[in-house]
Amino acid sequence: MSNTLTQLTIAQARDGLSNGDFSATELTQSCMDTYGAARKLNIYITETPELALEQAAASDARRAKGEALGSMDGIPIAMKDLFCTDGIQSTAGSHILEGFVPQYESTISQNLKDAGSVMLGKSNMDEFAMGSATTTSYYGNTVNPWQAASGPDAGKDLAPGGSSGGSASAVAARMCLGATGTDTGGSIRQPASFTGIVGLKPTYGRCSRWGCVAFASSLDQAGPMTRTVRDAAIMLGAMAGHDVKDSTSTPIETPDFEAVIDQGVKGLRVGIPKEYTAEGMPEEITSLWQRGAGWLREAGAEIVDVSLPHTKYALPTYYIVAPAEASSNLARYDGVRYGLRVEGNSLDEMYMNTRAEGFGEEVQRRVLIGTYVLSAGYYDAYYLQAQKVRTRIAEDFTKVFEDVDVLLTPTAPSPAFTLDAKMDPVTMYLNDIFTVPASLAGLPGISVPAGLSQHGLPLGLQLIAKPYDELTMLRTAEVIERFAGFDLPVFSGREA
Amino acid sequence: MSLDRETVRRIAYLARIRVDEDRLDKIAGELDGILDWVEQLSEVDTDGVEPMTSVTELTSPHRVDVVTDGQCPDKVLANGFDTFDGFFTVPKVVE
Amino acid sequence: MSYRIVGETGEWEVVVGLEVHAQVTSESKLFSGASTEFGGEPNSHVSLVDAAMPGMLPVINEHCIEQAVRTGLGLKAKVNLYSVFARKNYFYADLPQGYQISQFEFPIIGAGTVILDMPDGTTRNIGIERLHLEQDAGKSMHDQDPRRTFVDLNRSGVALMEIVSDPDMRSPEEAGIYVRKIRSIVRYLGTCDGNMEQGSMRADVNVSVRKPGDTELRTRCEIKNVNSVRFIMHAIEVEAQRQVEVWESGGQVEQQTRLFDPVKGETRAMRSKEFAHDYRYFPDPDLLPVKFNQEYVDGIAATLPELPDEKKQRYMADYNLSAYDAEVLVVDRETGGYFETVLGRGDKGKTRDAKLAANWVISNLFGALKAESKTITQSPVSADQLGQLLDLISDNTISGKIAKTVFEEMIATGKEPADIVAEKGLKQITDTGAIEAAVDDVIANSPEQVAQYQGGNEKIAGWFVGQVMKATQGKANPGMVNKLLKEKLSG
């Protein structure tokens, strides 16, 4: 499957559109031309081809008339199905929202619309963003376009990571130029690492949560998933901004992220937190991490060993806080106002039938855990203690950032695993071991593809920066990207 | 700490998720596994530590008291199940 | 006199605490821009936030915060500069989010006090434990359809203040006075319209009983959602009685939530749940803590009106009114304002006679309004007009008795008192000659009565006065009539 237009990055396509080399309609059509050969990947829950062509034509018309253009005018993107889109089914990957057609547009999708982008469809995801493999979706799992070249998993279907797996695979397979993701504990960064793309989770408060189906309100953040760091900067600029409809949105200017990414890392202090290792983590990830540090040193940064002593508690903390919030956030799915209803002989029975049938196993598990840790007698021991440990984790970062400008870590403890890998819940949760700490502290993080595993699968490195300092993070990411010279192979297609 | 069937039943009722009897043990086992694992948080010394209730240091922004919304029953009811005469409906409740 | 229930084993004391839910006076809801207007088509005053659509988020209405602070100051309570909204989780048909945003650990208002004026002239202090802000739920209608309950979310998200008292009340009467006092205070403050018929004020009533002298509290029951003062008092009475009977028959009062049925005059337990409620409160992660500084509170305090307690004290001190009169006049801001306008500034910049003004407002005006089922703001006689009427009495233009006739006419027509006096020729006769002629006339025509008077029956003097007044159509100055009669009869 070779399609020249879809090989372009957002930045290149922007230039091509502005030079008149091709139209937004052609660009959009060429994205849609990739679908047939990629059915197996199961990218979209809902495709919106008519809307996409309509938006592309509108962009072409704006350009032809010389009207003001947005920063992503005519760029086709995939929208994670967690974002509510006006008049278009929005499911959050759940049976319980099947057929739900919002009468409103989320701030993020609206911002991207206002920037001129073209929406191709609503991408697949773990149900309510709960998962690390896009295997909990009611609409079937998404497949990673990558396959291992050797080793025990060679030739097998791999998970794209999760929860933003549809978006990640779409970008990696060059079926769109960029995609939105959301990241609660690593749902942008881990799939980015698994699929060899760039995934950026902004500072909590940078992107509005309004209209985005809530998983864990104190952690959820939207962010871009793209093939290059520059594209991530462009797309973040289009998504970010203060929103008065979200009380946790930060009233802060959105800087020109793209403007600084070439500035390099000379003089920056980069911290290497010693706690970011995991039991059974392959040596190749440790050595990639060291290689990454070497590149930054070579580019003029100072590498500093640092310690974040409470790191090991981040994951268990997350698995109390996030389910607790989710148990409450998901209470609104009750079969009354939208989505699925399964009748019963009483109100309670209707609730219980609807929620038993509407929620998948993992969602039920987390809702039950969340209910338990908030219930009388357990609140102090679990929820309150977790929120105190969360303070400790955030303090670790604050302290370290007095000394360094940015932190470098692996993104995930392994490359992509097979779709049929059997894992108990806790083993699955360990996928997010390196991404969760920054989420708990509300810090920005980015995963940049940095190399391949011995079996030829992509591996990402993560950068974590101070609150609202995405600029330093992007500058550093650009250096990693440049030195790594990572080459995303052209996806050869896999039909269903 | 180990969850018994009765506790699972109680939590499932609080969460309004029907759990069939034959699944109680399996779920109890899974929840137990997760709870055993998060148990390690009790090791952390949190004396005098404030719980983190919000990520940002900011305080809640305020809205001025004017009517800016509503008057959109069509939108509100658009996805409703078995709506009647402008009302949502649920199985009859006996108080 | 303490309120006691006499059971078979002796006397019992009732212990009452109230949670008053008062709807905050505001244009829009606590967390959304939808209108708070009462009524309307079903689901019309509903935003997507109130309907808990996926991804919708709450934003605090600053006016509701201010109203809560204002009420806290009115209750002489501690205003907390840091408070947190928390979610109270439970499922119900009219609770679309599956949780109510309320306040739990950190309410906006802490402890305060409300002073009750008892009918016997004493006062009782009732402690306020806290006041917090919360969302109202929607409305479920169970009786419209044989198999379905209908849900209207128009009320969903309207701001309520829950005012929680200490268990300090000891009788239905005290509870009634307490609710009226709370209502009076919030109405003075303009923070709640206190309209119980429309449900803008309702109460959950906690009742327990114990033996007089006991210091421990026994198990209480909560009677939910009682919506009139009369029902609150009645519910306490019957619930206390029920509990006494349970204890005396050797049973245990179970802690439960009950409903009051005003038709049957009984309380009954709400349908028992399989498991008890467990609300799983936790700080709402969609909202950040509410913080403000003391200057903000002071700013609100500076705009507070004079409240009923202070006003009552002032009326007693400055105008020498009785505690009863003062209390009646301060019942709401409008009545106090009316009274003070009547008091106004009479001739030469002096205020009018306060006792006279109070009597006229309390006896005549209230009586007339009651007869016409009108409130003081709907009074056909303005405070200025009533003041002018009092001036006519004070300057002897008319007598107090004639004034009542004039007042009736004012109520009926809304005319100015001076015009009525002129039109109907009611001006008092103060001309000595005219009165003397009338007196002479009566004496001349009543030899029998004159003889009785002179024979020592001084009581008959009143009869003479009546005759003279009759002859002058009530217009003679009564003082002058008395004086002349006395002189002439004795002479």
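**Close-up 1. The contact between chain B and chain A in the predicted model.** In this predicted model, 39 residues of chain B and 57 residues of chain A take part in the contact between these two chains. On the side of chain B that touches chain A, at least two residues are supplied by each of α1 (5-14), α2 and β2 of chain B, and α2(B) gives the most, with seven residues. Sorted by class, the residues on this side of chain B comprise 24 nonpolar, ten polar and five charged ones.

**Close-up 2. Packing of helix α12 of chain A with helix α2 of chain B.** The crossing of α12(A) with α2(B) is right-handed. From α12(A), the residues A:Arg365, A:Leu368, A:Ile369 and A:Tyr372 meet B:Ile27, B:Glu30, B:Leu31 and B:Ile34 of α2(B).

**Close-up 3. The contact between chain C and chain B.** Here 44 residues of chain C are in contact with 36 residues of chain B. The side of chain C that touches chain B draws at least two residues from each of β3 (60-61), α1 (62-74), β10 (148-152) and β17 (290-291) of chain C, and β10(C) gives the most to that side, with five residues. The class make-up of this side of chain C is 20 nonpolar, 14 polar and ten charged residues.

**Close-up 4. Strand pairing between chain B and chain C.** Strand β2 of chain B, residues 88-91, runs antiparallel to β10(C), and the two strands are joined by four bridges. Within this pairing, B:Thr89 has C:Phe150 of β10(C) as its bridge partner. Strand β2(B) is also one of the elements that supply at least two residues to the side of chain B that touches chain A.

**Close-up 5. Strand β5 of chain A and the strands joined to it.** Along β5(A), residues 198-201, A:Val198 and A:Leu200 point one way while A:Gly199 and A:Lys201 point the other way, and all of these residues are buried. Two bridges join β5(A) to the antiparallel strand β6(A), residues 221-226, where A:Thr226 is the bridge partner of A:Val198. Three bridges join β5(A) to strand β10(A), residues 445-452, which also runs antiparallel to β5(A), and in this pairing A:Gly199 has A:Ser447 as its bridge partner.

Methods
Residues are numbered from 1 along each chain as its sequence is written. Chains are lettered from A and ligands numbered from 1 in the order in which they are written. This is a predicted model: local features need pLDDT of at least 70, side-chain atom pairs count only at pLDDT 80 or more; totals for chains, interfaces and linings use all residues. Axes are lines fitted to C-alpha atoms, for helices over the stretch in contact, and angles run from 0 to 180 degrees between N-to-C directions. A crossing is left-handed if the near helix is turned anticlockwise from the far one by less than a right angle, and right-handed if clockwise. Two residues are in contact if their C-beta atoms, placed from the backbone, lie within 7 Å. Ala, Val, Leu, Ile, Met, Phe, Trp, Tyr, Cys and Pro count as nonpolar, Asp, Glu, Lys and Arg as charged, and the others, Gly among them, as polar. Two strands pair if DSSP finds at least two bridges between them. A residue is buried if 20 or more other C-beta atoms lie within 10 Å of its own, exposed if 12 or fewer, and partly exposed in between; C-beta atoms are placed from the backbone.
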